[in-house]
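Reader: I would like to learn how to read charge pairs and the core in a model like this. Where do we start?

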Amino acid sequence: MRELSLHVVGADHPNRGGGNRRFEILLCAPGEAVTLVPEPRNPVDPHAVMVLSARGVQIGYLTADRAAWIVGMLRSGRDVAAIFQQVTAMGAAIRIAFDGAVPTLPRPVVVQADSDPDFWPDDLPPDD
């Protein structure tokens, strides 16, 4: 596995010293670099990984189920690169790559247009 997407959570919490995480997430562009910062002294989770935007503003944390795994990689010296992927309901998604690989954004899903543009499923049939 060389790349994967991870959720960033905690967007509704304020940053220390001020700053709105949701606002910062809206400023992030897909493909923009983000920084992963382990927080071993975090009082809630010693495996917490803070995610910073390209402007150095915190946008949240990796989910707890993935943070310990990523911290282990970072502590062992593995190269982990990360980019902003997209805004999500929980906060954001980032894309990470390992061992010198450059993360790439996944291709968007293409939805085929309906072949009958005059069909409207909301129309009610007339009463007989």
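Author: Start with one pair. This is a predicted model. Arg78 forms a salt bridge with Asp99, and their closest N and O atoms are 2.8 Å apart.

Reader: Where in the chain do Arg78 and Asp99 lie?

Author: Arg78 is in the loop between α2 and β5, Asp99 in the segment after β6. The pair therefore ties together parts 21 residues apart in sequence.

Reader: Is Arg78 buried, exposed or partly exposed?

Author: Arg78 is partly exposed, at 32% relative accessibility.

Reader: What is the general idea behind such pairs?

Author: Side chains of opposite charge can pair when their charged atoms come close.

Reader: How many salt bridges does a search of the whole structure find?

Author: The search finds 6. Take Glu24 and Arg55: this salt bridge has its closest N and O atoms 2.7 Å apart. Glu24 lies in helix α1 (residues 21–27) and Arg55 in the loop between β3 and β4, so the pair ties together parts 31 residues apart in sequence.

Reader: How accessible are Glu24 and Arg55?

Author: Glu24 is buried, with a relative accessible area of 6%. Arg55 is partly exposed, at 41%.

Reader: Which other salt bridge does Arg55 form with Glu32, and at what N to O distance?

Author: Glu32 forms a salt bridge with Arg55, with the closest N and O atoms 3.3 Å apart. Salt bridges with shared partners join Glu24, Glu32 and Arg55 into one network.

Reader: Now the core. What is the general idea there?

Author: In soluble globular proteins, nonpolar side chains tend to be buried together. Here the largest nonpolar core has 23 residues. Leu36, Val51, Leu62, Ile94 and Ile96 have the most contacts inside it.

Reader: Which elements give two or more residues to this core?

Author: They are β1 (3–9), β3 (49–52), β4 (58–62), α2 (64–75), β5 (80–87) and β6 (92–98).

Reader: What is Ile96 in contact with, leaving aside its neighbours within four places in sequence?

Author: Its contacts include Leu4, Leu6, Leu36, Ile70, Val80 and Pro103.

Reader: How do I place this in the whole chain?

Author: Read the order of elements from the N terminus: β-α-β-β-β-α-β-β. That is 2 helices and 6 strands. Then check burial: 36% of the 128 residues are buried. Last, check contact range. Among contacts between residues at least 6 apart in sequence, 52% join residues at least 24 apart.

Terms used. Residues numbered from 1 in each chain as written. Predicted model: local features only at pLDDT ≥ 70, side-chain atom pairs only at ≥ 80, totals over all residues. Heavy atoms only, no water. Core = buried A, V, L, I, M, F, W, Y, C linked by side-chain atoms within 4.5 Å. Buried < 20%, exposed > 50% of the residue type's maximum accessible area, 1.4 Å probe, protein only. Helix = DSSP H or I, 4+ residues; strand = E, 2+ residues; numbered from the N terminus. Contact = heavy atoms within 4.5 Å. Salt bridge = Lys/Arg side-chain N within 4 Å of Asp/Glu carboxyl O.
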